[in-house]
Amino acid sequence: MIMPVILSGGSGTRLWPLSRAMYPKQLLPLFGEKTMLQDTVLRVGSIEGVGPVICVCNDEHRFLVAEQLRQIGVAEQAIILEPFGRNTAPAAAIAALVIAATHPGALMLLLPADHVILDRQGFVASIESARSAAESGSLVTFGIVPSTPETRYGYIRAVAGSTGVTRPVAEFVEKPSLERAEGYVVSGDYFWNSGMFLFRPEIYLAELEASSPEILDACRKSLENARRDLDFLRLDPEAFAACPANSIDYAVMEKTSNAVVVPMQAGWRDVGAWSALWEAQERDAEGNIKRGDVLTHGVRNSYIHATSRLVAAVGLEEHVIVETADAVLVASKERVQEVKAIVEQLKLQK
Ligand code: GDD
Ligand code: MG
């Protein structure tokens with residue numbers, strides 16, 4: 001059996017002003033009617049032998065997450081609540097501990113909730129071809145052939161000369177500098193890390209024990225004292241507070257010698273910034289994407305999103321405009337990553 005675990009605890013600050021602390025990007029319908037969390041849950045339904053979904057999210061989002069699962073007909077809900085984020089290594093450890101105890105022998109499929117995957121069949125095919133390597137004890141990563149030197153991703157180098165669908169990993173580099181990323185893309189030897197993993201939960205826990213025993217220890221304690229509340233499992237805040245924050249990529253994947261990579265061709269994209277939304281969708285004849293009440297004249301290659309008022313733009317190129325009831329963003333499309341700086345300024349004002 002494959003137990004899907006969806007990590008939905010990120011804040012998505014670069015998609016401000018739509019993505020907010022109380023309403024992060026994975027819980028927004030940015031592409032059509034479903035939210036990215038809902039799309040992620042629906043996508044795993046196509047995998048053979050898949051078990052019930054487990055969501056790990058922040059306590060603040062519990063009702064939104066529960067409601068979004070209910071809307072798509074998920075009857076049996078397992079939602080684990082973190083009192084605060086400690087990044088992905090602890091979130092994965094909590095889920096691994098739960099699955100090892102409740103579904104012995106099952107594999108764990110770790111999935112971020114902030115991805116767009118256009119080709120569901122391609123996604124399912126990669127998961128299927130990873131199953132036997134995961135069953136024999138490898139940590140399987142899913143690699144995407146890189147098209148640009150993106151520094152927001154991890155990079156995976158498969159062992160030279162290895163062939164087949166499942167290749168041993170020689171090196172895993174999380175978020176390299178631009179210079180290094182450029183070299184990786186040109187070399188043709190590297191994949192982007194999609195951020196999805198398939199493994200036996202016990203193997204992940206053993207790797208974490210070796211590299212970051214303090215994370216595992218805090219996760220164990222926060223589960224021992226966890227409280228059940230309706231469909232929610234609330235981690236013990238005191239024990240979880242002692243957990244160091246780290247991502248699975250830095251804490252485990254950069255250190256392990258037990259990883260393999262399976263390529264994935266599935267129209268995959270991490271929706272990290274407004275420019276990714278522009279790239280991932282069909283544009284009109286002028287190269288624009290317009291959502292909501294938007295009028296343009298002489299505007300090209302821009303993303304314009306109105307939620308509460310008419311937004312009109314004239315004579316712009318390569319821009320992003322996002323209007324909400326209490327904030328409007330106007331940015332040059334090539335610099336939308338820097339929206340994060342605005343969010344930092346806002347935090348300082350509070
Ligand atoms: N439950 C929980 N708790 N979830 C979290 C937390 C947390 O503290 N922090 C992040 N997440 C969730 C996010 O909501 C997202 O769905 C997923 O975990 C990955 O976190 P991101 O913060 O989006 O990671 P990233 O995009 O910077 O980097 C990762 O993904 C890239 C591909 O999208 C890494 O795995 C990279 O190596 C990878 O290339
Ligand atoms: Mg991400």
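Predicted model: local features only at pLDDT ≥ 70, side-chain atom pairs only at ≥ 80, totals over all residues.
Residues are numbered from 1 along each chain as its sequence is written, and chains are lettered from A and ligands numbered from 1 in the order in which they are written.

Okay, the big picture. We've got 11 helices and 19 strands; those are DSSP runs, H or I of at least four residues for helices and E of at least two for strands, numbered from the N terminus. The radius of gyration, taken over C-alpha atoms, is 20 Å, close to the 20 Å from the globule rule (2.2 Å times the number of residues to the power 0.38), so for its 350 residues the chain is as compact as a globular protein of that length. Buried residues, meaning those with 20 or more other C-beta atoms within 10 Å of their own C-beta, placed from the backbone, make up 45% of the chain.

Next, the domains. The assignment, which is an automatic or database one, gives domain 1 as 2-270 and domain 2 as 275-349. Their C-alpha centres sit 29 Å apart. Where they meet, 10 residues of domain 1 are in contact with 14 of domain 2, and contact means C-beta atoms, placed from the backbone, within 7 Å.

On to ligand 1. There are 26 residues around it, and the ones that come nearest are Gly9, Gly10, Gly85, Gly154 and Gly195. To be counted there, a residue needs its C-beta atom, placed from the backbone, within 6 Å of the ligand. Which elements each supply at least two residues of that shell? They are β1 (2-8), β2 (54-58), α3 (88-102) and β9 (190-199). The largest share, 4 residues, comes from β9.

Let's finish on β1. Is that strand enclosed or open? Well, 7 of its 7 residues are buried, so β1 is largely enclosed by the rest of the structure. Ile2, Pro4, Ile6 and Ser8 are buried on one side, and Met3, Val5 and Leu7 are buried on the other. As for neighbours, β1 pairs in the parallel sense with β4 (residues 107-112) over 6 bridges; pairing takes at least two DSSP bridges. Ile2 stands opposite Leu107 there. β1 also runs parallel to β2, joined by 4 bridges, and Val5 has Ile54 as its bridge partner in β2.

Note on methods. Contact = placed C-beta atoms within 7 Å. Buried ≥ 20, exposed ≤ 12 C-beta atoms within 10 Å, placed from the backbone.
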